Amino acid sequence: MASGHPGGATPDTSAEVLRWLADGHVSTVEAVRQLRRLERRPGAPAPAPGPDLPTAGALAALDALVGLREVKRQVREICAFVDIQQRRAAMQLAAEPHTLHMVFRGAPGTGKTTVARLLGQLFRDLGALPKGHLVEVERADLVGEYIGHTAQKTREVVRRALGGVLFIDEAYALARGGGKDFGKEAIDALVKVMEDKKSEFLLILAGYPREMAAFMDANPGLRSRFAIHVDFPEYRPDELAAIARLMLAERQYRLAPDADEVLAKALDRRTGVWHENAGNARMVRNLMERAIRRQAVRLVQHTGPLSREDLMTLVAADLDEVR
Amino acid sequence: MRAAVVVGGVNVGKSLLVVNFAAYCGQRGLRFQPLDRYAASPRPWSLGEARRQLVSAGPHAILAVQGVAVTLVGKGGPRTVRLWDTPGLVAGVAGDPAVRHAMADALAKVAQADLVLHVVDVARPNCWGEADHAVAEWRAAATPYTVVANQMDRPGAREGLKHLRRQAPGLPVVPVSALTQQGFASLRRAMAASLPVD
Ligand SMILES: Nc1nc2c(ncn2[C@@H]2O[C@H](COP(=O)(O)OP(=O)(O)O)[C@@H](O)[C@H]2O)c(=O)[nH]1
Ligand SMILES: Nc1ncnc2c1ncn2[C@@H]1O[C@H](COP(=O)(O)OP(=O)(O)O)[C@@H](O)[C@H]1O
Ligand SMILES: [Mg+2]
Ligand SMILES: [Mg+2]
């Protein structure tokens, strides 16, 4: 399998390759190789659109996500608003300042980071953010060890995110810790940079719905600055199965009928790995990656020629860990 | 408008090629269009100004991807095409995030090219590097692709050209000097052959 990312995963789209390149996860040469690999797949999507259709690439990627109907609708609405404000500003009409910072509420693996990344690209294509890159951080990246350290760390993180999206995962954890904790300092620092650098970056706070609601309630200074709330529901079993098939198809694998049945049944079951992680697309990704490795182990032991079909197919035995 | 994307390593002469080739095509005021459709294009530059802004012997003078429209006169009629200058590709992982973003912008532009002009400095030893190889392997079969062997006016360029032809077999190579403009007629012919008449 081609490598190139710390996690050992391979990128699924050209946009993802370019992001990894920009983020320093892959070298230029490796990025070019990955772009070539993706284009040589049968049925590969057309290359990124020209400047005339600026957002088609990211919008198409958004549409290609399984489910998430309401999220998609909200994103389109936000983009329409941003687009029109930009055009009004271009014609010297009064434009609403875009204080479009958002709260993404959902369990892990429900697509929050994925959508945040696409939003950055959409905003960039609309001209609302110069770079549109995503900087994903969590509490430990913001909170320091001594007085003053936190403000310094937070400013540094914001500096990296300028022109793009700052995505704070499990943001409610900032309020953890009580008295001698510096989490509060991070919140204050964030409120301050949101004032100072108003439309220079997009801040997205993400986390479990209940925790995020409590967190926002306890911090009125933050609450008043976040008008947009997007809810990411847990995926249904049939959606997870569709996500699994999509992830496999992007890597040129597919499930044999018996494997598909194992998967569908496991996703419906009320116990085991799947149940504990119900609705979690990341778990699906990890398990499919494991199944791909198991298939490889199975196939190298096989004597005799291997067909293209054999190389592409995952059978029920490859999904053993799933049952 | 069709896009001819000029790509290659750092300081191989991409920017000088863009400016001087535009001049050769009769362009006087060069109005460069930025990548971002909302960014204002700067006022047109004179040729001298464009060279001062874009051409430099140092590292990455400019990280922007930007294009200037030129009209090629050729067999059958004129062809209008925008020549896109890109930041020079560095093979590895760049330390500076701004450079990494620029690499991504450059590759995104190459992916959209109607025509790729891959510039190489043949006066340098081992002029066909790892990144050159990878990019050609990626795009040469998919789009009209011309390798521009630049800096032919400099000593050692003839041997470099031979080396390049051995390293990149099967790719069309047009030797030029962006400085003296030698070879520009052949370059214009090669480009015109893969562009539709307006
Ligand atoms: N002698 C000579 N010098 C050149 C030629 N092309 C570019 N240069 C010089 O090489 C340096 C880098 O050129 P530039 O256009 O900035 O390269 P870029 O980084 O690829 O855009 C500048 O000092 C140019 O004047 C050429 O054909 N002949
Ligand atoms: N609707 C979807 N369709 C396809 N893949 C998805 C979808 N939602 C999430 N994924 C995939 O699942 C994984 C986890 O998603 P992610 O956005 O990181 O979730 P979160 O940020 O909510 O934890 C990613 O690999 C992503 O590509
Ligand atoms: Mg996440
Ligand atoms: Mg240059």
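**Figure 1. Residues surrounding ligand 1.** Helix 1 of chain B, spanning residues 14–24, makes the greatest contribution to the shell around ligand 1, supplying three residues. The model shown here and in the following views is predicted. In total, 19 residues surround ligand 1, and the closest are B:Asn11, B:Lys14, B:Ser15, B:Leu16 and B:Asp153. Sorted by class, this shell comprises eight nonpolar, eight polar and three charged residues.

Figure 2. Ligand 1 taken alone exposes 580 Å², of which the protein buries 83%.

**Figure 3. An aromatic pair in chain B.** Over all chains, the count of aromatic pairs comes to five. The pair formed by B:Phe21 and B:Phe184 has ring centres 5.4 Å apart and ring planes at 70°; because planes over 60 degrees apart count as edge-to-face, the pair is assigned to that class. B:Phe21 belongs to helix 1 of chain B, whereas B:Phe184 belongs to helix 6 of chain B, residues 184–193. The pair thus links distant parts of the chain, with the two residues 163 residues apart.

**Figure 4. Residues surrounding ligand 2.** The shell around ligand 2 contains 18 residues, of which A:Thr113, A:Thr114, A:Tyr235, A:Arg282 and A:Arg285 come nearest. By class, 10 residues of this shell are nonpolar, five are polar and three are charged.

**Figure 5. Polar contacts and cover of ligand 2 in chain A.** A polar backbone atom of A:Val66 is 2.7 Å from a nitrogen atom of ligand 2. Side chains provide two further contacts to oxygen atoms of the ligand. In A:Thr114, a polar side-chain atom lies 2.5 Å from an oxygen atom of ligand 2; in A:Arg282, a polar side-chain atom likewise lies 2.5 Å from a ligand oxygen atom. On its own, ligand 2 has 560 Å² of accessible area, and the protein covers 90% of this. Helix 5 (112–126), helix 11 (237–250) and helix 14 (281–300) of chain A are the elements that give two or more residues to the shell around ligand 2.

Technical notes
Residues numbered from 1 in each chain as written. Chains lettered and ligands numbered in written order. Predicted model: local features only at pLDDT ≥ 70, side-chain atom pairs only at ≥ 80, totals over all residues. Heavy atoms only, no water. Near = heavy atom within 4 Å. Areas by Shrake-Rupley, 256 points an atom, 1.4 Å probe, with all protein chains shown as cover. Helix = DSSP H or I, 4+ residues; strand = E, 2+ residues; numbered from the N terminus. Nonpolar A, V, L, I, M, F, W, Y, C, P; charged D, E, K, R; others polar. Phe/Tyr/Trp six-rings, centres within 6.5 Å; stacked < 30°, edge-to-face > 60°. Polar contact = N/O pair within 3.5 Å; in protein donor to acceptor, adjacent residues only side chain to side chain.
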